[in-house]
Number of protein chains: 2
Amino acid sequence: MHALDDGISRWRRVADAIRADIASGVIAQQLPPEVELAERHGVNRHTVRRAIAALSTEGLLRAERGRGTFVNAQPPRVIYPIGERVRFRENMMKQSIEPSGRLIGAERVAADARQAALLDVSFGAPLHRLERLAVVDSMPMSRSTSLFSAERFPDIISAYAETGSITQALQKSGVSDYRRRETRITAERVSPNDVELLQCASDAIVLISNAVDIDMEGKPVQSVRTRFLADRFELSFKPDTD
Amino acid sequence: MHALDDGISRWRRVADAIRADIASGVIAQQLPPEVELAERHGVNRHTVRRAIAALSTEGLLRAERGRGTFVNAQPPRVIYPIGERVRFRENMMKQSIEPSGRLIGAERVAADARQAALLDVSFGAPLHRLERLAVVDSMPMSRSTSLFSAERFPDIISAYAETGSITQALQKSGVSDYRRRETRITAERVSPNDVELLQCASDAIVLISNAVDIDMEGKPVQSVRTRFLADRFELSFKPDTD
DNA sequence: ATTAGTTGTCTATACAAATAGACAAATAGG
DNA sequence: CCTATTTGTCTATTTGTATAGACAACTAAT
């Protein structure tokens, strides 16, 4: 009677279903009793209990003996505008959120064919790779990998380390302003490497944004790949605004 | 010694890792031998075999006894531009793709608070809900739920049924042109209802786009929620283009 | 105080997942 | 032809998942 053997346990599917019901508002404050949930999902009560246990350690639910199981209030999704002007710090502060970027790694690499085309440098040219982690209220939000031409921006790493801001680091390197040329968005399961970094479940979903920033003459400045945790973010694109 | 009990079987995690390695180009044509994969992922060879079996029935891999396991060529992700002008048919035909929309349901509903605000109608006002399925080469790509004011567009359903196009259905209803006001993007696991409709795995990831279209006077025309299969799509946002 | 309804804990059983080892069958290269 | 390498098949064992039933502990209302 097993629907599809997709390698996902029943309690996990029940947990996902409950999570979805909460997100969509089907379940508001209090969960139905365990026996009812078991019937609804066609599983044993113990399976429901395991699902609830998982969601409880996640902080989404709170079970009280004799009373029932309740939904904890969740922080709303952070809205992240994508458009011509993308400035992480500005965007967050408009929503009364105090952000902080953390440098988690820097490396010198050679441009592969794809990056060479995006950044308009020759194949194999030296690049600075900058790994950042965006944190809001001590909760990891996204992980970014930026690539800069090492020839054009030899000191971008130290400039970022000092200022903690891409915008300011670029200003020190002579780029007074920049804008986004293109943003491509897709979604995947989080990579195992990022699980502890982002403090998320090992099967969390990340929104992936591949973008290229250009200076005012239209020359590529940075190529950046950001992985947003999908359950903490919502990307917003407004044509008119700004 | 279990890393994290997240309800996902080991073979499934190995399968996901292999899929990711293929997507990122770490694995190109041929897979490493099963024993090597087993070591790399810290599992038994049989577990790797099960992962490979799943990916083979999925069409991603092809195992040949005595030779090895090979990666089948995959169709590239369809690039879907989001911007002011969003026209499904036009967008697809630019990429030499012949699309087709299928009407899978229509219903008359009352506006809830959120939809009323988006469409600028009063709470409880009658809406037409239009459910569509976008198909490319007989492969389902996305599922859309459109909402129109039933007062302003009483015949939108039949107009869409005749023309098979939102753009043309709106023209028949007196809207010569429209543009997108805002697009909000997030990602979730596919809902169980959509699994058979979209012909995808029960834990596939969907990119969700919530958008509002407005006419040339700025009045809201439709509110549309589209669920794109993340492994078949890439959303692209270009500020300058058009 | 009693009762109905709820979550928490315990034992037991059937079934699937993962591990382990051995060997067959096909391929490729010397 | 022979050998090394690789995928395919088989048996067996251990561990984890899911089901089943019973009962305790707690809450809220009568």
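Arg129(A) is partly exposed, at a relative accessible area of 26%, where buried denotes under 20% relative accessible area, exposed over 50% and partly exposed the range in between, with a 1.4 Å probe and protein chains only. The model is predicted, so that local features need pLDDT of at least 70 and side-chain atom pairs count only at pLDDT 80 or more, while totals for chains, interfaces and linings use all residues. Residues are numbered from 1 along each chain as its sequence is written, chains are lettered from A and ligands numbered from 1 in the order in which they are written, and side-chain values use heavy atoms, without hydrogens and water.

The side chain of Arg129(A) meets that of Glu131(A) in a salt bridge at 3.7 Å, N to O, the term requiring a side-chain nitrogen of Lys or Arg within 4 Å of a carboxyl oxygen of Asp or Glu. Glu131(A), at 13% relative accessibility, counts as buried, and both residues belong to a network of salt bridges that also links Glu107(A), Arg143(A), Asp194(A) and Arg227(A). Over all chains, the count of salt bridges comes to 38.

In chain B, Arg12(B) forms a salt bridge with Asp16(B), with the closest N and O atoms 3.2 Å apart. Both residues lie in helix α1 (residues 10-23) of chain B, 4 residues apart, or about one turn of the helix, a helix being a DSSP run of H or I with at least four residues, numbered, like strands (E, at least two), from the N terminus. Arg12(B) is buried at 6% relative accessibility, and Asp16(B) is buried at 15%.
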